[in-house]
Amino acid sequence: MKAKPQLELIYLDMTLKMPFKWNTGEPLGEFFRELKANEKIYANQCPTCGRNYCPPANICTRDHSRCNEKDKWVAVGPKGTLLTFFICEQSFLIPTTGEMLEVPFSVGLVMLDGAPVVLQHCLQETDVEKIKPGMRVEAVFKPKEERKGNIFDIIHFKTIKE
Ligand SMILES: [Zn+2]
């Protein structure tokens with residue numbers, strides 16, 4: 001049997017550009033439309049077990065029920081209570097843009113007013129001494145002309161005194 005000839009490997013040094021669109025599904029699409037048009041944050045509730053989701057869910061992760069009943073939607077926020085947070089001080093490459101992440105930034109879990117539901121989002125405050133679980137925060141929206149119908153229509157949650 002004849003040995004296969006050694007093949008030379010050819011490499012292409014290139015960056016692929018792969019734009020794509022992702023279908024949000026009806027609940028998430030409606031959630032983003034309301035953020036963009038009306039600065040409204042909505043949650044929905046599982047019709048079977050009553051668990052709340054923000055952003056709204058198609059399917060309950062607990063019992064797999066469909067959560068698309070519009071009468072189970074409730075406006076929440078824009079104020080809420082911070083449950084916990086983290087601060088990132090180490091930058092890293094953002095794979096989708098090729099840019100380095102600006103640091104420090106902080107992310108919190110906010111229990112929104114209006115329903116027992118938590119939204120994870122950026123906090124304006126990045127000083128660890130000034131962030132305390134239990135403090136009150138409020139969503140800050142981009143100006144209407146800059147909103148694009150995604151979660152970053154909320155810039156961050158700012159600390160408020162009540
Ligand atoms: Zn459920």
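Glu 39 lies in the loop between helix 1 (26–38) and strand 1 (41–45). Helices (H or I, at least four residues) and strands (E, at least two) are DSSP runs, numbered from the N terminus. The model is predicted: local features need pLDDT of at least 70, side-chain atom pairs count only at pLDDT 80 or more, and totals for chains, interfaces and linings use all residues. Residue numbers start from 1 along each chain, as its sequence is written.

Most residues other than glycine have a negative phi, and most peptide bonds are trans. Departures from both patterns are described below.

Glu 39 has a positive phi, near 55°, and is not a glycine. This residue is partly exposed, because 17 other C-beta atoms lie within 10 Å. The classes rest on C-beta atoms placed from the backbone: a residue is buried if 20 or more others lie within 10 Å of its own, exposed if 12 or fewer, and partly exposed in between.

His 64 also has a positive phi, in this case near 65°. It sits in the loop between strand 2 (52–53) and strand 3. His 64 has 10 C-beta neighbours inside 10 Å and therefore counts as exposed.

Pro 78 belongs to the loop between strand 3 (73–76) and strand 4 (79–88). Pro 104 is placed in the loop between strand 4 and strand 5 (105–112).
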